[in-house]
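Work through the exercises below with the structure open beside you. Each task comes with a worked solution.

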Amino acid sequence: MDLSSLRGRGLQASECPLPDTSPETPAPVYNEELLAQLLDMGFPIEACKKALYYSNNSGMEAASHWLMEHMNDWDFANKFEAPGAKSDAAAVDEASLEQVTGMGFTRTQAIKALTATDGDVGRALDWIFSHAEQLDEDTNPGCRDGPEKYKLIAFISHMGTSTMVGHYVCHILHEGRWVIFNDNKVALSENPPKDLGYLYLYERL
């Protein structure tokens with residue numbers, strides 16, 4: 001299977017980016033007195049900001065209730081950005097980003113450093129060296145790119161007159177030959193029903 005026709009290749013010469021029509025979102029305002037009280041209770045500052053934002057600064061009871069309900073959220077203590085607010089990447093000057101990445105640092109590292117130092121390139125470089133461990137922890141390897149061609153190596157199909165009866169079997173390509181796995185029965189498959197699969201497994205070439 002060749003997926004090269006589906007590969008994204010960025011902005012083309014005949015294309016132009018869509019205008020940014022998203023409205024400006026004002027920065028959230030937190031009740032400083034409530035924020036201090038929540039911090040005194042031992043909660044992370046970013047979680048406290050979320051609690052005040054989503055409870056509309058209505059009081060300690062509402063904010064505490066939000067915190068208790070969301071303590072197990074995976075992003076409980078992650079940096080809070082209000083819905084619709086511009087991300088760090090949008091707030092960083094592109095020219096400064098190019099200077100930092102030109103020194104061999106990743107774009108993600110550059111954004112973090114420039115955001116933490118108000119866009120000062122010199123201070124951002126110092127910040128990167130002094131926060132190396134934190135940056136290593138935050139590094140996301142992302143997705144690996146590769147060829148667009150794939151080979152079918154297995155598929156699952158259904159045997160029966162309807163989904164209410166019968167059962168599922170698996171065909172696997174083994175050493176160039178298709179093998180059917182039907183419960184505890186395993187045999188060579190001369191004409192595997194590739195067009196009747198419910199689930200297909202491909203291997204990148």
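**Exercise 1. Strand 1 and strand 5**

Find the bridge partner of Ser157 in strand 5. Then state how many bridges join strand 1 to strand 5.

Solution. 
- The model is a predicted one.
- Start at Ser157. Its bridge partner in strand 5 is Gly197.
- Now take the whole pair. Strand 1 covers residues 150-159. It is joined to strand 5 by 7 bridges.
- The two strands run antiparallel.

**Exercise 2. Two hairpins**

Trace the pairing from strand 2 to strand 3, then from strand 3 to strand 4. Which residue takes a positive phi in each hairpin?

Solution. 
- Strand 2 (residues 167-174) and strand 3 (residues 177-182) run antiparallel, joined by 5 bridges.
- His174 stands opposite Arg177 of strand 3.
- In this hairpin 2 residues lie between the strands, and Glu175 has a positive phi near 55 degrees.
- Move on to strand 4. Here 4 bridges join strand 3 to strand 4, again with an antiparallel run.
- Val179 faces Leu188 in strand 4 as its opposite residue.
- This hairpin also has 2 residues between its strands, and Asp183 in the turn has a positive phi of about 55 degrees.

**Exercise 3. The faces of helix 3**

Sort residues of helix 3 into buried and exposed. What covers the buried ones?

Solution. 
- Helix 3 spans residues 60-69. Ala63, Ser64, Trp66 and Leu67 are buried there.
- Look down the helix axis. The buried residues of helix 3 fall within an arc of 155 degrees, so they line one face.
- On the other side, Glu61, Met68 and Glu69 are exposed.
- The cover over the buried residues includes helix 1 (32-40) and helix 2 (45-54).
- Take Ser64 as a check. Its relative accessible area is 17%. The cut-off for buried is under 20%, so Ser64 counts as buried.
- Leaving out residues up to four places away in sequence, Ser64 touches Leu38 and Met41.

**Exercise 4. The nonpolar cores**

Which residues have the most contacts inside the largest nonpolar core? Which helix supplies its largest share?

Solution. 
- The largest core has 15 residues. Leu38, Leu52, Leu67 and Phe76 have the most contacts inside it.
- Helix 1, helix 2 and helix 3 supply at least two residues each.
- Helix 2 gives the largest share, 4 residues.
- Look at Phe76. Residues up to four places away in sequence are not counted. Phe76 then touches Phe43, Pro44, Ala47, Lys50, Trp66, Leu67, His70 and Met71.
- A second core is separate and has 13 residues, including Ala110, Ala113, Ala124 and Ile128.

**Exercise 5. Helix 7 and an aromatic pair**

Find the buried residues of helix 7. Then classify the ring pair of Phe105 and Phe129.

Solution. 
- In helix 7, Val121, Ala124, Leu125, Trp127 and Ile128 are buried.
- Seen down the axis, the buried residues of helix 7 lie within an arc of 160 degrees, so they line one face of the helix.
- The face turned away carries the exposed residues Asp126, Phe129 and Ser130.
- Next, the rings. The model has 8 aromatic pairs.
- The ring centres of Phe105 and Phe129 are 5.7 Å apart, with planes at 75 degrees. Over 60 degrees counts as edge-to-face, so this pair is edge-to-face.
- The pair links distant parts of the chain, 24 residues apart. Phe105 sits in the loop between helix 5 (94-101) and helix 6 (107-116), and Phe129 in helix 7 (residues 121-130).
- Compare their burial. Phe105 is buried at a relative accessible area of 18%, whereas Phe129 is exposed at 60%.
- Elsewhere, Tyr53, Tyr54, Trp66 and Phe80 form one aromatic cluster.

Definitions and conventions. Residues numbered from 1 in each chain as written. Predicted model: local features only at pLDDT ≥ 70, side-chain atom pairs only at ≥ 80, totals over all residues. Heavy atoms only, no water. Buried < 20%, exposed > 50% of the residue type's maximum accessible area, 1.4 Å probe, protein only. Arc of directions from axis to C-beta. Contact = heavy atoms within 4.5 Å. Pairing = 2+ DSSP bridges. Core = buried A, V, L, I, M, F, W, Y, C linked by side-chain atoms within 4.5 Å. Phe/Tyr/Trp six-rings, centres within 6.5 Å; stacked < 30°, edge-to-face > 60°.
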